[in-house]
Amino acid sequence: MSAPATPGCRNLPVLRERGQREVFCGLTGIVWLHRRLQDAFFLVVGSRTCAHLIQSAAGVMIFAEPRFGTAILDERDLAGLADANEELDRVVAELLARRPDIRMLFLVGSCPSEVIKLDLRRAAERLGEVHRGVRIVNYSGSGIETTFTEGEDACLAALVPHCPAPTDERPRLLVVGTVADVVEDQFRRLFEAMGIGPVDWLPPRRTDQLPPIGPGTRILAAQPFIAETLRALEARGAALLSAPSPVGRRALAAGSPLPHAHGISPPPGSGRVVAAPAERRAKAVSATRERLEGRRIFFFPTPDSSCPLARFLRDECGIQAVEVGTLPAQGA
Ligand code: SF4
């Protein structure tokens with residue numbers, strides 16, 4: 001879409017294009033998910049291509065085996081000459097014997113596992129019976145079903161059935177979407193200062209901290225691409241707090257109704273809590289604006305935050321957004 005002279009984009013032409021597009025598959029979400037869920041392991045059931053993708057995306061050596069790895073489906077599996085389930089059982093048994101620190105194991109589906117119709121849901125159930133001390137969960141990160149951030153969405157949605165019910169009816173805030181630990185700490189300090197709590201996180205740092213979900217849960221989306229997770233949470237009675245934009249001063253404005261929506265009266269002076277961070281943010285942005293004003297930007301279609309980023313760059317940095325591409329799942 002062309003850049004508007006005034007805020008808003010309702011009167012601009014929207015071009016819809018169908019057909020092939022070049023994006024990463026959902027396996028890429030493992031790169032940030034494995035850093036967050038510190039006692040989990042992501043086992044991609046895929047090919048050498050899948051292994052190379054996540055190893056190069058994560059920038060680590062193939063021998064490092066941090067908190068993810070690949071159970072390679074080779075030519076014999078793909079040709080149906082070997083029983084892929086038996087191979088998977090063996091790989092999982094070896095992995096869990098070698099790594100007793102793993103408390104949750106994700107079996108992550110890929111294009112090859114889908115092509116040979118390997119049923120990872122049943123595999124997770126079967127392996128869960130054998131390895132009782134480890135929760136075994138499956139989701140798909142395949143390039144046939146998912147693009148880029150949809151892998152995280154699928155992973156979080158798979159966690160929802162494992163979240164407990166709350167033990168009381170207190171309203172709770174749930175922040176959904178992977179954030180760095182330091183960001184969680186900053187959020188926690190702000191929420192505490194505003195008198196908002198209890199606050200839970202999905203995904204949490206550890207898998208024994210899965211948040212309680214129930215009718216009192218109010219969802220704050222930290223990422224704009226969690227549609228499937230939201231559906232699963234809403235089916236458990238949780239309600240989404242609407243916010244027009246996850247970045248920039250619009251996000252700050254969206255934060256102001258949060259205490260009311262959460263069912264907690266804001267304590268006197270709670271608006272002052274965000275005043276200092278907002279001032280620091282405005283100062284930092286204005287320094288950047290001097291360098292960026294008048295430039296032009298083009299966004300390739302992505303399933304993540306191209307629209308809010310474009311609004312932020314246009315409204316606050318004076319950049320002309322020449323064209324903003326999104327994928328159909330995101331909307332505008
Ligand atoms: S899941 Fe599919 S698209 Fe992704 S790396 Fe593996 S083969 Fe490639």
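Which residue just after α2 takes a positive phi? That would be Gly59, at about 70 degrees. What you have here is a predicted model, in which local features need pLDDT of at least 70, side-chain atom pairs count only at pLDDT 80 or more, and totals for chains, interfaces and linings use all residues. Residues are numbered from 1 along each chain as its sequence is written.

**The chain as a whole**

- The secondary structure comes to 13 helices and 10 strands; helices (H or I, at least four residues) and strands (E, at least two) are DSSP runs, numbered from the N terminus.
- Of the 332 residues, 32% count as buried. A residue is buried if 20 or more other C-beta atoms lie within 10 Å of its own, exposed if 12 or fewer, and partly exposed in between, with C-beta atoms placed from the backbone.
- Take the contacts between residues at least 6 apart in sequence: 74% of them join residues at least 24 apart. Two residues are in contact if their C-beta atoms, placed from the backbone, lie within 7 Å.

**Around the ligand**

- The ligand is surrounded by Cys25, Leu27, Gly46, Ser47, Thr49, Cys50, Leu53, Ser110, Cys111, Ser142 and Gly143.
- Helix α2 (residues 48-58) gives the largest share of the shell, 3 residues.

- Cys50, Leu53 and Ile54 are the buried residues to look at in α2. They cover an arc of only 85 degrees around the axis, which puts them on the same side of α2; the arc is that of the directions from the helix axis to the C-beta atoms.
- As a reminder, an α-helix has 3.6 residues a turn, so residues three or four places apart point the same way.
- Over on the other side of α2, His52 and Ser56 are exposed.
- Packing against the buried residues of α2 are α1 (30-36), β1 (40-46) and β2 (68-72).

**Sheet β2-β1-β3-β4**

- These 4 strands form an open sheet in that order, with parallel pairing. Two strands pair if DSSP finds at least two bridges between them.
- At the edges are β2 and β4 (135-140), each pairing on one side only.
- On average, neighbouring strands here are turned by 25 degrees against each other, direction ignored. Axes are lines fitted to C-alpha atoms, for helices over the stretch in contact, and angles run from 0 to 180 degrees between N-to-C directions.
- Strand β3 (residues 104-109) pairs with β4 in the parallel sense over 6 bridges, and Val108 has Tyr139 in β4 as its bridge partner.

- Helix α7 (residues 150-159) lies across β3 and β4 and runs at about 140 degrees to β4.
- Phe148 sits in the loop between β4 and α7 and has a positive phi of about 35 degrees although it is not a glycine. Phe148 is buried, with 20 other C-beta atoms within 10 Å.

**Sheet β6-β5-β7-β8**

- Here, too, 4 strands form an open sheet in the order given, and the pairing is parallel. β6 (199-202) and β8 (239-240) stand at the edges with a single partner strand each, so one side of each is left without a neighbour in the sheet.
- Strands β5 (residues 172-176) and β7 (residues 217-221) run parallel and are joined by 5 bridges; Val175 stands opposite Leu220 in β7.

**Backbone spots to check**

- Gly197 and Pro198 are joined by a cis peptide bond, with omega about -5 degrees; Pro198 lies in the loop between α8 (181-194) and β6.
- The peptide bond from Leu202 to Pro203 is also cis, omega near 5 degrees, and Pro203 is in the loop between β6 and β7.
- Lys117, a residue other than glycine, has a positive phi near 60 degrees. With 7 C-beta neighbours inside 10 Å, Lys117 counts as exposed.

Note on methods. A residue is near a molecule or strand if its C-beta atom, placed from the backbone, lies within 6 Å of it.
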